[in-house]
Each structure stands twice: as C-alpha cells, then as structure tokens.
Amino acid sequence: MASVSAPAQAAAAPAASLQRGIVKMVLSGCAIIVRGQPRGGPPPERQINLSNIRAGAMARRAAQAQPDSKDTPDEPYAFQAREFLRKKLIGKEVCFTVEIKTALGREYGIVYLGRDTTGENLADSLVNEGLATVRREGIRGNNPDQARLCELEDQSRASKKGLWSEGGGTQSVRDLKYTIENPRNFVDSLHQKPINAIIEHVRDGSVVRALLLPDYYLVTVMLSGVKCPTFKREADGTEFTESFAAEAKFFTESRLLQRDVQIILESCPNQIILGTIMHPNGNITELLLNEGFARCVDWSMAVYTQGADKLRSAEKSAKERKVRIWKDYVAPTANMDQKDRQFVAKVMQVLNADAMVVKLNSGELKTIHLSSIRPPRIEGEEKNKDKDKRFRPLYDIPYMFEAREFLRKKIIGKKVNVTVDYIRAATGPGESTPAFSERTCATVTIGGINIAEALVSKGLATCIRYRQDDDQRSSHYDELLAAEARAIKNGKGLHSKKEAPIHRVADISGDTQKAKQFLPFLQRAGRSEAVVEYVFSGSRLKLYMPKETCLITFLLAGIECPRSSRNMPGGTQVAEPFSEEAMLFTKELVLQREVEVEVESMDKAGNFIGWLHIEGLNLSIALVEGALSKIHFTAERSNYYKTLVSAEEACRERKEKIWANYEEKPVEEVVYVTEEKERVANYRPVFVTEICDTMHFYTQDVETGSQLESLMETMRAEIAAQPPVEGSYAPRRGDYCIAKFADDEWYRARVEKVESPAKVHVFYIDYGNREVVSSTRLAAIPPAFSTRTLPAQATEHALAYIQVPLDEDVRADVVDCVVRDIQNSQCLMNVEYSGANCPHVTIQFGDTKDDVGLGLVKEGMVMVDVRKEKHLKKMVTEYLNCQESAKSARLNIWRYGDFRADDADEFGYRR
C-alpha cells in the first residue's frame, strides 16, 4: 500500500491557510496535481497528497534501462480509487489546506471539492467507499478529522465495501498491456470505429498516451494530419523547446488530460499509431489548428477520417489571423492584387501537361503552371537511351502525349477560372536540374472541375512532395493527393503495370521524298482531319495528321501573308508590317484546334499547300477579311477566288491595316554604284591562322610575319625578366592586354567580355582565335608592345561568291572541309568586294593555285551567292556552271535535287 501519511520526522506546517486551484491530474487515490489560472503561459503546478490515508499504488512499467526489473501490477482497488477521484475532480476547482511539508518538499493536506470547506472532503469520501485505509498509528485523540476518518473506515469495513469486500480485491486488478505485438493488425481490426479511452499523459500538443477501454491497452497516439511544436533533446542531453511547444502542450492537457474520450485509430505507418480524439466539446485536432498551435502535415493528412478540408480551413484561419506559430506568416500571394490572384482567362495554348498560355481580358498573354503537379517525365536509364535519336518530349516521354491531349481537348479555346496559389521564383541551373524562369502557379477550373485533379486522377501527372515548412502549394493539395492515391490504387496511366503506349510519329516537314509519297494520298482524301501543332507565321503551320500519324508543314493556299523576321546569311531580315498581327490572328483561331485541310499541291521544299477549315471557316478567307493578307495569283483557279476578291476589295476600300497606303505608288530608290570595268586580280601571300564556325577566317600578312615574330620574342624575354604579379590585373571590356595561352606562352589579346574573375573572354589579336580564361592568366600589355608599335596582325575575311546553308550539320561539314584544306597554311588571297562586316575574298592554294571556294561549289558543299556587279559577271558565271554540274551529279546538298524555296528559312536554306 502507498503510504501518504506524514513521516514521523516531518515538521508540522504553520497555521494552515485555505488555498485554491484547478485539478489537472489525479496521480493515485491519495495524490493529485493542482494548477493555477493561466496568465500569459502555462500556470504553476503543485502536488497535494491527502493526509492520514493511504490508497493502493498504481501499476508501474519496468524500467527500460534495467533488464532484470519487472512490471509492477496495480494494488487492489488502486485503479478504482484513482478513477473515483478522477471522475470527481478533473478540471474542477478545489480548495485545500497544507498541514505538513516534508524536508523533500512533499505537501500533505485536506482537499475539499469547491471553493470552500463546506464542499466534499475527498479523504472522507475515499474511506467511506472502502477505497482507502486510515493510517491509525499517527492519530492524535483530540483531532476530530482523524477521529471521523476512523469511524468512516469502521462503517465501510462493516458494510464490506471496496478493500473490505470478500476475496481481498484481486478482481479489481487490471490486466494492463504496455505493448501491442502487431500494431497495424490491431488498428485494422477496429475498422476505424470509435473506442472509449482515457488520456493518461500528454507528451506534446499532438502526441498523447491513452488507456484504451475496456481491454486496458496503454498506447501512444499521434493526432492524424497535424504536428505541434515539440520538446527536443540534443545529442549532449540538453533539452530544446520549440516556440509555443509548452503552450500547445498546456492547451491539449487542459482539455484532454484524464478526460473520458473516444479515439478513432486511423492508421499505423512505421509502428506509429495515428488517430483522431473526439471529445464531447469538440475535435482537439481542429482546435489546435484554429488556435495556431499546430500545422497540417501531408503524410498523415490522407488517413484523417473527419475531412481534410476542415483541417486546411482551420489552418488557413490561423494563418490569416497570424496567431502563435503563424505570427510571422506571409501568404504566397500577399503582395498581389485581388484581380491578379483570381481572374477568368481564355486558354490559347497547352504548353505541357502542367502549363498553358492564357489570354487575359486586357489582351495580355500569360503563362500559367498548374500548382503542385509534375507532368510525365523520363527517369533513370531511359534518359540515356537513343542519345543519337532526336528527342521529342511530346512523343517520346510515356503518357506525355495523352496528358497534353487530355488538356487540349478539355480547355483549348475555352474560358477558365484561374486562382493563383503562389509565384515560384526563378532558379539557376544545378548539377542535375535545368534553370527555370519565374513561374505563376495556379489552380485552374472549368465548369467546377479542377484540371490538375482531373489529370492526376487519370494517372497523367503526379503530385509534388514538399518540405513541411513549404507553404507554396496548391490550395487544393489534399484533393490532389487523394486523386493520386485513387490513380495508384486503380493502376491508371503512369501507375499502370501495363506497357506504356508508344507514339511513332513521322516528321516529314522538309523531307521532299517522303512528302512526294504522301501527296497523292492527301489529295485523294479530300478534307483530312488535322491538329495544328505550331504556327510559324500567319500562313505557315505545322500540322499533326492523326490518321497518318505524321507531322507536316502546311502553307495556306491563295494568299500572301506579310513575312516575319528571318535569319539570312547576310543578317536578319526585318519583319514586314502586320506580320506579327497575322501570326497572332492565326494562333488565336487555330492553334492546337482540330481542323480540316484540303491539300492541293506541294512546293520544292516538301511543304504541302492547300486550304484549312475550322468550324466551317476558311482560314485564308479569314486572313484576307481581316486585312492581314493579300490574294496570291494562284487563287484564281480555286473555288474560293470570288470570296477572296470581294473580301480584299472591302478591306482596300476601308484602307485597313496592310491596305492603309495601297494608293501610294512605291518609289524605288536608285543607288548609283561606281563599278569597275574589269575585275582586278591582285593575289598576295597570307597565312590562314583561324577559321570560325561562321565560315569567317583570319589571316596574317606574310610580308609582316617577321616583324610579329621579332616583337613576340622581345616581349616574352621582357616578361620573363620581370614577370607580372598574378591577379594584379583587373580586366575591362575593350582593354588590350597580354594573355597566357594553353602553351604557357604570352600573346597579345583584347578583352571582349568579363563574366567573372574566373571567366574572361579574350580575342588574340594576332591570330584570330578566342578563349575564356581566368583573370590570373592576364596582365597589362607593356607599352613597347602595344598596337601602336605593331597593329593587330589577324585580319577577318569571308569567302566570296559562296553561300553556306544555315543547316547546322551541313555548315559543320563545310567548316571541317575548309579547316582541313587551308588552316595553318600559306595561301594566296585576293579581295573581291566589300561585305557588311569584313572583305569578301577568294583564296587559292599556295601550290596548285586552285580556288578554294570554287572547289566547295564543285563538291556540292555550298551554293553560289549571285552578285550583280558587272565586273564580277565572269567569276559568277564560272561559279554557277560548277554549281549546275554539282546539281546534275546530285552531290552533297543537291542529293535530293534543287531543294530551295522562297520560304524555306526554317529548313536552313535560301535561294
């Protein structure tokens, strides 16, 4: 039996004063913990032991650090005595007097239920019910309280109550179970039905120790879906308390500790029992969130049975009020206006399975990413397969095409509701991740359906997992997680065990031979179904033909649209007026829409020409009606000619857009060029030092070569005698300096760009090559060796009379051929005419005197740049004759015949 009478050596307390408190916990049948009222934090506590009585000791688990120790069971009626007090006192106000305080600080006294001594005397009630015995050895005859206790004990003994009942009370001892052999099976066996329990201990705001009734299982339960600040123990044994951990613990203790509750045990991942505690006054999980004592956690939110939306709503309320743990919270969209956070927009293009371009009411185009989802992607070994094959994400990534098509069919061209959840900041490239620009992430709905949730539920996208403190996520994140769980369970899309669908789509854009094979089929088919995949300009599109599973380039028949800006060998061609408007018009009308096409013919570059219809509208006619295109003479033989003419005349009369100045006669500017009567051939010896990828090259004049060698020899001798201090030179763009090349020799150079001290772009002025070096390999150029002493020896030139295709592979072959023939060799050079950036020259081999450029034309490596100057006519004719021979022999770029067309820019060629 646990003795609670004062030890003999204890000193009597001075005259007892009446004190009050609220009962926090009942430790046993003769000991309670009382607390004060909270003021700015958890209140002080003290343990009060009942004087002159003893009650049975409660069961105690064996110490884990002592393997030989054993569990101690309840003494008879110990639990019943504790329960008797618990049901009377928990959360109630009591008054008490302290009679004795021991040297160790234990306090003994008389406790009354209520605010004064007229309330129930707890010691009397325990003894009267036979749940405690009186310690008679310390009784003084003149103490009426002790005398009354003895009388009550005699009465309960006579009535055979409690401890005095027959059998000695062995039937009152609990079979307490501290461990469960298989927690998961135990939780599953309850089928999420509420089970009665008593909360025995609160570890922190979201973790409690509960006694499950009626089988007396003592289990630790973590609240599903939330986490409170905790008390952590560091490696050195010191305890660290997170902010608001003590307040959260008190909040839970004051409402649940030793209360009768019902617990729904919901799951058991990794031996951790998750549950929801239901109290008659409410759900503690939601209360903790609402008061800012807890945050939602995703990993356990999925098992919460009372509605995850309630938890998110409670957390959102606390965040908005900035209470407790959210006192410094800033919402992801706090700096955005309401009109920028929520708006209605029209979907113009689906970029990916998680992104789209929308058009706002203002006409502005904006890219929107779907919040918290990730599109299909290739991982692991699949990334390294077929490195030589051109990678096309839309068709080569499993389920990417299905995801894009799902979005395209559901939202393209329709108005959607956009709610911005967060702005993801721009990120730089990492070791395994690319750089991303700033992204607007939002929840997009149409007809009440969340597009992201629909994608995830079909297994066409997955949810992104976040750090617990990362609030930049979808406002419907829990629905996304639930949708993903359903998709996994049902084996949908990415989660299917079946083999992923394969899309073999042939791209015949620019492939003349394949286009010729397809042409008869498309002509006979009449109107064929297609999807517009890309819009190059107002009248040039790329189409996906679903029946033929191929991609084609399609040109609108009967019209002539303003041309967009294009890259030409001599520079960029400026866009014609209204070319951008024509392209936007076509994009808004047909991009990623299902259309019908009538193919009439094809051009030399393998592009199909014909009419495109969308929902009964002819796109060629629509462009002419919009004053964004003119009629082409080829329209005269079509069935749509009259309609086109009437539309063009109406626009011309209104002087709209491209017809605004149609009455004005174009005035041709006459440029008088002084032409030489005959071409002058003045070949001089040069040394070719560098050939660039642009087919420009640098030469040194052989006559001044000895001067350069002398200067370099003297400069290096001086530097060797007085070496520069490493790192002392601060490079600036445009400065002349000296740079140490890979051969550890110093050369004259010019700084072209400074990215950082470790990345300085330099140009070697005497040789024409470029390099990126560290600033530690640079130094100031000695004045005696500057360009005033000897000008830069490398001079830039380009080959005359030839035109190199823009195609990267063809250009690389030409450069390789020229490098192989003339780099680092002495040749003969003649300046033929001036160019935009440098003189254009002809180069002859030093030994055979053969023309290098003419040789490239003969081999079919390049095309002839036809010059109009009369004095060059003889040379141009010779080059053209060689080109015709190469064409006839189908050499290299002419192997498919004459591929050139007026509009073949994107294929790398120009007539």
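**Close-up views of the predicted model**

**View A. Gln271 sits in the loop between β14 (260-267) and β15 (273-279).** Helices (H or I, at least four residues) and strands (E, at least two) are DSSP runs, numbered from the N terminus. The model is predicted: local features need pLDDT of at least 70, side-chain atom pairs count only at pLDDT 80 or more, and totals for chains, interfaces and linings use all residues. Residues are numbered from 1 along each chain as its sequence is written, and side-chain values use heavy atoms, with hydrogens and water left out. Gln271 is not a glycine, yet its phi is positive, near 65°. Its relative accessible area is 59%, so Gln271 is exposed (buried is under 20%, exposed over 50%, partly exposed in between; 1.4 Å probe, protein chains only).

**View B. His191 has a positive phi of about 55° without being a glycine.** The loop between α4 (183-189) and β8 (195-204) holds His191. His191 counts as exposed, at 59% relative accessibility.

**View C. A cis peptide bond joins Leu213 to Pro214.** Its omega is near 5°. Pro214 lies in the loop between β9 (207-212) and β10 (217-223).

**View D. The structure as a whole contains 17 aromatic pairs.** Rings of Phe, Tyr and Trp (its six-membered ring) pair if their centres lie within 6.5 Å; planes under 30 degrees apart count as stacked, over 60 as edge-to-face and the rest as tilted. Trp326 and Tyr329 have ring centres 5.7 Å apart and planes at 80°, so this pair is edge-to-face. Both Trp326 and Tyr329 are buried. Lys319 lies over the face of Trp326, 5.0 Å from the ring centre (NZ of Lys or CZ of Arg within 6 Å of the ring centre and within 35 degrees of the ring normal).

**View E. Phe741, Tyr747, Tyr764 and Tyr767 make up one aromatic cluster.** For Tyr747 and Tyr767, the centres are 5.6 Å apart and the planes at 90°, so the pair is edge-to-face. Tyr747 belongs to strand β40 (residues 746-756), while Tyr767 is in the loop between β41 (759-764) and β42 (770-773), 20 residues apart. Tyr747 is buried at 13% relative accessible area; Tyr767 is partly exposed at 27%.

**View F. The largest nonpolar core has 50 residues.** Such a core is a set of buried Ala, Val, Leu, Ile, Met, Phe, Trp, Tyr and Cys residues joined through side-chain atoms within 4.5 Å. Helix α11 (residues 400-411) gives the most to this core, with six residues. Met356, Ile368 and Leu370 are among the members that touch the most others.
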